[in-house]
Amino acid sequence: MNFEARKIEFVQEFLKLQSEEAVSRLENILKKEKSTLDNLGLESMTEGELNKRVDQSEADFENNRFKSSSELLAKYE
């Protein structure tokens, strides 16, 4: 099941909830998650943006425009 299908299934199950307590708990989880993402300064990417970034990363790797993990570790030792 892909991500979009999982979200739709989640929303469908959420709409079936009859417990106000369960809805409140899920609201709190959502608020905490949004707050965490806001604090990290992360923004959502579209699928196209993500694919463009992957393509650029693969091109960088093919053209030796990268650093190995040992090079990065040496920089911070």
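The largest pocket has a volume of about 290 Å³. This is a predicted model, in which local features need pLDDT of at least 70, side-chain atom pairs count only at pLDDT 80 or more, and totals for chains, interfaces and linings use all residues. Residues are numbered from 1 along each chain as its sequence is written, and side-chain values use heavy atoms, with hydrogens and water left out.

**Exercise 1. List the residues that line the largest pocket, sort them by class, and state which helix supplies the largest share.**

Step 1. A pocket is an open set of points on a 1 Å grid over the protein atoms alone, where a 1.4 Å probe fits, with protein on both sides within 12 Å along at least five of seven lines; lining residues have an atom within 4 Å of a point. A volume is the space filled by probe spheres set on the points, which are joined across faces, edges and corners.

Step 2. The lining consists of F10, F14, V23, L26, E27, I29, L30 and E33.

Step 3. Ala, Val, Leu, Ile, Met, Phe, Trp, Tyr, Cys and Pro count as nonpolar, Asp, Glu, Lys and Arg as charged, and the others, Gly among them, as polar. The lining then has six nonpolar, no polar and two charged residues.

Step 4. Helices are DSSP runs (H or I, at least four residues), numbered from the N terminus. Both α1 and α2 supply at least two lining residues each, and the largest share, six residues, comes from α2.

**Exercise 2. Do the listing and sorting for the second largest pocket.**

Step 1. This pocket holds about 150 Å³ of space.

Step 2. Its lining is made of F3, E4, S44, M45 and E47.

Step 3. By class, there are two nonpolar, one polar and two charged residues.

**Exercise 3. Find the salt bridge of E4 and describe the setting of both partners.**

Step 1. A salt bridge is a side-chain nitrogen of Lys or Arg within 4 Å of a carboxyl oxygen of Asp or Glu. A search of the whole structure gives four of them.

Step 2. E4 pairs with K7 at 3.4 Å, N to O.

Step 3. The two residues are three apart in helix α1 (residues 3-16), so about one helical turn separates them. An α-helix has 3.6 residues a turn, so residues three or four places apart point the same way.

Step 4. Buried means under 20% relative accessible area, exposed over 50%, and partly exposed in between (1.4 Å probe, protein chains only). E4, at 46%, is partly exposed, and K7, at 38%, is partly exposed too.

**Exercise 4. Describe the salt bridge between R25 and E21.**

Step 1. The N to O distance is 2.9 Å.

Step 2. Both residues lie in helix α2 (residues 20-40), four apart, about one turn of the helix.

Step 3. R25 is partly exposed at 47% relative accessibility, while E21 is exposed at 55%.
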